[in-house]
Amino acid sequence: MPTTLLAVFLLFAANALAEEWIEFHPPMMDDATVNPLRFSQQGSPFDLANPIFQPLEHPQTAKASRSARTSKEKLVIDYEFTGRDGLEYLEIQTNLKIDTPGFSLGGVFITDLPKAGAVRMRLRDPSGEIHQHTLGYPSRAGGVSPLLFAAIETSPDGIWGGDGDKQLQFPCEIVSILLDRPEPGFIGKGTLEITELALYESVELRDALKIEFSADSPPGLLFESENGEIRFRITPKNLKEGERLFYALEYRSAPGGFPPTRRPASPMMLSGEANAVHRIPMAVNYPSAVRVVITGYVQNADGERVNILPVTFSYGSIKPNMPQDDRLGVCTHYQQGWNTNSLDFAVKAGFGMIRDEMTWSNVEREKGVLTVPNYATYIDLAREKGLEPLLILNYSNRFYDDNGFPVSDEAVAGFANYSRFVAEQFKGRIKYYEVWNEWFIACGMRHAEDSGQNTPENYLKLLQATYEAVKSVDPDAYIIGGGGDHPVHHRRQMEGLLKLGALKYCDAFSIHPYRQPRTPEESGLVEEVLGFAELMKQNGMKEPKIWITEIGWPTPAKHPARDAELFQAAMVVRSAVPLLALDEVEKYIWYDLKNDGTDRIDQEHNFGLICHDRLDLQVKPAFVAFSVMSSNTAGRRIAKDEVLSQDGVYAYRLTKAGESDRLVLWVEQGEKRVRLPSISSVMNMFGTPLQFGDGVVMLTEEPIWAVLQ
């Protein structure tokens with residue numbers, strides 16, 4: 001080792017001895033690092049000009065034909081959805097042979113429809129059994145177009161025919177590629193382009209990095225100080241004799257989101273148990289979200305190299321004591337055993353409310369005997385931190401109706417009695433109650449999901465009894481009805497519920513208008529909510545009060561966006577601001593505060609703004625975006641700026657008496673320069689100042705905030 005390099009490492013080691021270090025578990029890694037793939041033709045005919053790539057025609061398919069623009073590298077299909085009853089999708093014949101396991105099908109799929117359904121593939125094994133897999137959602141024409149993948153031998157989302165053993169046997173073949181319509185009854189024409197279609201196989205990676213942080217680093221690497229530095233060190237692990245580790249650091253930070261600025265270092269070498277200490281200066285006087293990416297390779301004595309498993313982590317800085325917006329809430333799971341240390345994160349993100357539950361089965365553990373569960377201490381802790389609790393009254397009880405939906409007179413009376421008891425116990429501490437969670441989707445009722453008991457009539461009976469029971473002991477209680485189902489997927493049931501008179505037995509109505517991975521604009525989020533508000537008007541509520549008690553965008557691997565975490569951060573602003581600008585929307589509640597697990601593939605594990613405890617509660621960029629947004633929206637009226645909202649620009653003005661107006665702006669796709677009226681400052685969605693000249697700013701898909709003079 002050269003003398004200079006040795007001196008550097010001795011200095012690192014001396015500094016390390018003076019500090020206490022805590023191992024940091026490698027956190028969020030994107031699809032390319034979790035499951036790296038390399039191109040493999042394996043002799044299959046991926047010539048897209050080949051006639052086998054033909055749209056099929058049968059009673060379930062859309063109208064479709066190959067375009068003259070099809071070439072050896074690009075397949076172009078013109079298609080039309082006609083709104084047919086039942087199933088309707090585009091299906092393209094492939095007949096690609098797969099001899100052995102270990103491969104994924106991948107490709108770039110682009111459509112010019114304003115919205116589209118999922119891309120899927122169908123495999124047939126030697127028995128004739130069909131396995132259907134979802135690759136993801138196609139990109140919009142002109143936007144970023146990532147490869148979409150689905151592994152051949154993973155668990156499919158649909159199986160039928162053949163020997164019915166639900167086991168994919170080899171050799172098998174990919175018989176077709178499908179494009180679903182976005183929703184039942186959809187009518188529209190479009191073009192699907194497929195490129196880079198191929199089989200891909202996994203690449204070996206070595207887990208060779210141990211990451212440790214200084215013991216005085218805050219939970220989740222969320223900093224509130226205005227200066228200082230982040231200290232972490234890297235130590236090799238799993239090295240064999242004679243091997244050396246070479247690694248490089250890359251910082252991706254503001255301005256401009258991920259990946260805005262890249263400062264890759266020259267590869268540095270470590271061997272044995274040596275460690276390298278790194279110091280990152282923190283941004284001063286403004287919030288920021290930064291990602292660190294560590295890559296490299298292990299080299300043996302013969303010079304052979306194996307790439308290391310890359311490690312990435314994010315850290316954030318926010319201004320201390322920023323205001324909380326009482327219109328913004330976040331879902332939590334303290335009933336399910338969450339550590340209440342995450343409550344501080346809800347405060348720092350700027351939320352004014354948390355939404356949790358106290359299920360019937362946890363209150364009435366012995367028939368007729370009602371007690372407050374031990375975990376309910378989180379309610380007072382939340383209130384002490386300025387967080388208003390919204391409590392869900394929900395789910396079944398084993399002493400009634402065979403643990404199914406409470407529909408009998410006895411069960412409805414029992415549910416009402418439990419609700420009354422909770423309201424009595426928490427009068428003055430809890431004002432807001434939501435009756436059930438996703439009744440029509442049978443959430444939390446797997447043992448009874450096919451019972452047919454979750455009808456509008458049965459929910460109305462339960463809602464009325466609960467409303468009257470809670471109001472009898474706490475007239476000031478605010479009851480949220482509806483149970484928060486999706487206003488399109490369950491429109492028929494929800495419309496039936498409103499026609500039955502449900503609005504007489506609630507103060508507001510909740511919906512869960514999820515749309516991931518689509519954007520709010522392309523999926524018509526605002527129009528959908530306004531349509532539901534009109535339905536409420538038609539059924540007796542002249543001034544509709546809607547609570548969005550769940551909405552969110554997860555960050556799983558195999559996400560169709562170029563960067564799932566950046567996409568999630570942009571969706572925070574692009575969904576919350578337009579909805580809060582509607583007079584009909586009282587609350588916007590994100591699902592959820594913390595990841596529910598560590599599975600990078602399962603989207604249900606990845607909705608959080610911070611990571612799971614086993615990944616050290618690391619903050620995601622969306623957390624910083626929420627904190628910046630709440631500091632701009634708190635106490636301000638939000639309205640769409642009709643003058644600036646032209647030619648693909650989305651602009652909203654925020655006003656507050658005695659203070660300068662603010663603007664938040666973005667475009668759905670691409671870039672666009674606009675001139676703003678007399679602005680004094682501009683910052684990106686993470687709060688980092690941006691340069692501007694003569695009032696001209698560049699808009700992208702990532703919202704920016706501007707303060708007017």
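Predicted model: local features only at pLDDT ≥ 70, side-chain atom pairs only at ≥ 80, totals over all residues.

**Exercise 1.** Work out how helix α6 and helix α7 are oriented to each other, and what their contact is made of.

*Solution.* 
- Start with the axes: those of α6 (residues 409-425) and α7 (residues 456-473) come within 8 Å and cross at roughly 30°.
- That angle falls under 35 degrees, so α6 and α7 are roughly parallel to each other.
- As for handedness, the crossing of α6 past α7 is right-handed.
- Now the residues: α6 brings in, among them, V412, F415 and A416, while α7 supplies residues including L462, A465 and A469.
- Sort the residues of this contact and you get nine nonpolar, three polar and four charged.

**Exercise 2.** Is Q568 buried or exposed, and which residues does Q568 touch?

*Solution.* 
- Find Q568 in helix α10, which spans residues 564-580.
- The relative accessible area of Q568 is 0%, and buried means under 20%, so Q568 is buried.
- Leaving out residues up to four places away in sequence, Q568 touches W553, T555, W590, N606, F607, G608, K620 and A622.

**Exercise 3.** How many disulfides does the whole structure have, and why does C611 form no bond?

*Solution.* 
- Searching the whole structure turns up zero disulfides.
- Take C506: the nearest cysteine sulfur belongs to C331, 18 Å away.
- For C611, the closest cysteine sulfur is in C331, and because it is 18 Å off, that's too far for a bond.
- C506 is buried at 5% relative accessible area, and C611 is buried at 0%.

Note on methods: Residues numbered from 1 in each chain as written. Heavy atoms only, no water. Axes fitted to C-alpha atoms, helices over the stretch in contact; angles between N-to-C directions. Helix = DSSP H or I, 4+ residues; strand = E, 2+ residues; numbered from the N terminus. Parallel < 35°, antiparallel > 145°, perpendicular 65-115°, else oblique. Left-handed = near helix turned anticlockwise from the far one by under 90°. Contact = heavy atoms within 4.5 Å. Nonpolar A, V, L, I, M, F, W, Y, C, P; charged D, E, K, R; others polar. Buried < 20%, exposed > 50% of the residue type's maximum accessible area, 1.4 Å probe, protein only. Disulfide = S-S within 2.5 Å.
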